[in-house]
Amino acid sequence: MDLNMDLNAPHSMGTTIIGVTYNGGVVLGADSRTSTGMYVANRASDKITQLTDNVYVCRSGSAADSQLVSDYVRYFLHQHTIQLGQPATVKVAANLIRLISYNNKNMLETGLIVGGWDKYEGGKIYGIPLGGTLIEQPFAIGGSGSSYLYGFFDQAWKEGMTKDEAEQLVVKAVSLAIARDGASGGVVRTVVINSEGVTRNFYPGDKLQLWHEELEPQNSLLDILNSPSPEPMNI
Amino acid sequence: MSSIGTGYDLSVTTFSPDGRVFQIEYAAKAVDNSGTVIGIRCKDGIVMGVEKLIASKMMLPGSNRRIHSVNRHSGMAVAGLAADGRQIVARAKSEATNYQSVYGEPIPVKELAERVASYVHLCTLYWWLRPFGCGIILGGYDRDGPQLYMVEPSGISYRYFGAAIGKGKQAAKTEIEKLKLSEMTCREGVIEVAKIIYKVHDEAKDKAFELEMSWVCDESKQQHQKVPGDLLEEAKAAARTALEEMDAD
């Protein structure tokens, strides 16, 4: 164990973030690990942040950068909503995020996924990766854990899913990424946004299904000694 | 109907004892002395028309445009001092492109009207500026449908079904009120606007005039443009016929 851990390293969200459109809205999902070097600074963070009543953003990369960008955009969107007299569209929210990301690209390190529902376009997902590109997609993945999900989504994604199918897909995907990516972990949080409103869901880490070669959680070897077959690693 | 300011009308930053700002009212007079400008909101779009009084026979037809496009889907027709109008149109275009750069979508007509009105109002607040001597009819088509706004020199802006400014505004308003706008298409609206402008044109007081019209509707694919040449000619012909019938009575 490295006793010289850099506890002052910048807080980075290793992260797995996902945004998926379905027939009627969007589902956003994320893990909950915030790391400072090798130390997990927050094992239950909420990476899905509200911008307006109907638009949320998944944050990845530098925790500070992504929080500040979200804060600025929330402020601008609030004013915009007042002037417009009606809820802002997802596109406008995404564009504001993009402008800040692009114009400050030399100083920022944050990848964001904007997702929401508005009455003109319905459910929409916009990916805004590191350089400040803005791209509208039927689904988007981001963060260090997303590397392990490209093939998975190629196979598992389909157009016009139901709300439950979409949410199950997101939970499964985040869970798979957590299994393989050291910088992702903790719990799975999802946010479902549609014409009826917003629903937050929470999936504790130990309730997620075990994937290939994952072991059951074990509290202590002492527990195993008292069990019928005291062979700890024999599964 | 002239009211004497007597001392309270020397500056736009002075109120009169009865709560009026005379300079703004005088600015409105400049608009009242200009050629008639009308706009109507039909069920599928906006039609605007201008009675362009021709100062000299040497002027090229089609020059001195009074209707300007602000962006793809909105346009402004200006009455009053033409140079002041150019300034406002330039500002409106700038606001529209700025909105598009920041928010990533075309400026909603309501936002545009508010920004134009704000700008016009700004020039009524400082003694080193004079109010704009123009009235503006702003028509646009955004995702909430076609909308028509009118901005006065005081900076007031309202949304209308039908609006008229300039010399013949009273007569024009009366005519517009007779129309059933909610059932009319823009194609029909163009004919009606032409008829109204020909009707309110005062042959005795003013010499020749040129009719300038624009529309933004479903038929123009929600883009602001001059009314197509053949439809314009059809409208002018219908208007002249209607006038002759009236005179014959």
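This is a predicted model: local features need pLDDT of at least 70, side-chain atom pairs count only at pLDDT 80 or more; totals for chains, interfaces and linings use all residues.

Residues are numbered from 1 along each chain as its sequence is written, chains are lettered from A and ligands numbered from 1 in the order in which they are written, and side-chain values use heavy atoms, with hydrogens and water left out.

**Exercise 1. The interface**

Task: describe how chain B meets chain A.

Solution. Start with contacts (heavy atoms within 4.5 Å): 12 residues of chain B touch 12 residues of chain A. Next, take the area. The size of an interface is often given as the accessible area lost when the parts come together. Here the two chains, B and A, bury about 1,000 Å² between them (loss with a 1.4 Å probe, summed over both), and 46% of this lies on carbon and sulfur atoms. Then look at the pairs: between chain B and chain A there are 4 residue pairs in polar contact, both at pLDDT 80 or more. A polar contact is a pair of N or O atoms within 3.5 Å; within protein, one must be able to donate a hydrogen and the other to accept it, and residues adjacent in sequence count only if both atoms are side-chain atoms. Finally, H2(B) gives the most to the side of chain B that touches chain A, with 4 residues. Helices (H or I, at least four residues) and strands (E, at least two) are DSSP runs, numbered from the N terminus.

**Exercise 2. A link across chain B**

Task: which residue forms a salt bridge with Glu210(B)?

Solution. The rule asks for a side-chain nitrogen of Lys or Arg within 4 Å of a carboxyl oxygen of Asp or Glu. The partner is Lys52(B), with the closest N and O atoms 3.8 Å apart. Glu210(B) sits in strand S9 (residues 209-217) and Lys52(B) in strand S2 (residues 45-53) of chain B, so the pair ties together parts 158 residues apart in sequence. Now check burial (under 20% relative accessible area; exposed is over 50%, partly exposed in between; 1.4 Å probe, protein chains only). Glu210(B) is buried at 19%, and Lys52(B) is buried at 6%.

**Exercise 3. A loop residue**

Task: is Trp128(B) buried or exposed?

Solution. First find Trp128(B) in the loop between helix H3 (109-122) and strand S5 (134-142) of chain B. Its relative accessible area is 57%, so Trp128(B) is exposed.
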